[in-house]
Amino acid sequence: MADTVLFEFLHTEMVAELWAHDPDPGPGGQKMSLSVLEGMGFRVGQALGERLPRETLAFREELDVLKFLCKDLWVAVFQKQMDSLRTNHQGTYVLQDNSFPLLLPMASGLQYLEEAPKFLAFTCGLLRGALCTLGIESVVTASVAALPVCKFQVVIPKS
C-alpha cells in the first residue's frame, strides 16, 4: 500500500515539475515534456526488464511477452493486472486498464480528460523499455476516452 501511494506521489510530482516551468508551453514545449517523461519511463522499464528472472526471458512469441506484461509486470508496478489484451495477430496489441491507477485521482470530472496524456507518457515509456529489454522494438501510444479507462496500443513492426 505504501509503495503504491509513494509511486503515485512521485509520478504526480514528476509531471507537475515538468509542466511547472512554463504552464502554457505551446505544442513544442508539451512534446518536449512528454518526451522527457517517456524517456524516464523507458529507462525504468529497461531496469525492470533487466531484473526479471532468467526463465521469464525465454518467451517464444510476442503474445507471450505481452501477456507477461499484462499480468506480472503490471502487478509489480500497479498491484493489479491489466483488464484486457487484444491483438489483430499482425503486430498490433491493445492493452486496456479499466481503472488505471495514475488516472483514478482525476476520474471525478470530464474537465481532466485533456490533462490525461501527460499522466500516460511515463507508462508508455515503461512498457516500451520493458519490451526493448525482452528483445522487442515497439511503438507504444496511449488513449483515454473516459476516465479512468486507459488503452495502450503497442505496435511491433515486422522485420
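Select glutamine 79 to begin: with a relative accessible area of 44%, this residue is partly exposed, a class lying between buried (under 20% relative accessible area) and exposed (over 50%), judged with a 1.4 Å probe and protein chains only. Its place is the loop between helix 3 and strand 1 (84-87); helices (H or I, at least four residues) and strands (E, at least two) are DSSP runs, numbered from the N terminus. Glutamine 79 is not a glycine, yet its phi is positive, near 60°.

The model on screen is predicted, so local features need pLDDT of at least 70 and side-chain atom pairs count only at pLDDT 80 or more, while totals for chains, interfaces and linings use all residues. Residues are numbered from 1 along each chain as its sequence is written, and side-chain values use heavy atoms, leaving out hydrogens and water.

In soluble globular proteins, nonpolar side chains tend to be buried together.

Centre on leucine 69. Leaving aside residues up to four places away in sequence, leucine 69 is in contact (heavy atoms within 4.5 Å) with Trp74, Leu127, Ala130 and Leu131.

Turn to the cysteines. The whole structure has zero disulfides, a disulfide being a pair of cysteine sulfur atoms within 2.5 Å. From cysteine 124, the nearest cysteine sulfur is that of cysteine 150, 7.1 Å away. Cysteine 124 is buried because its relative accessible area is 7%, whereas cysteine 132, at 22%, is partly exposed.

Select leucine 147 and proline 148: the peptide bond joining them is cis, with omega about 0°. Proline 148 sits in the loop between strand 3 (139-143) and strand 4.

Finish at valine 36 in helix 2 (residues 26-50). Valine 36 is partly exposed because its relative accessibility is 31%.
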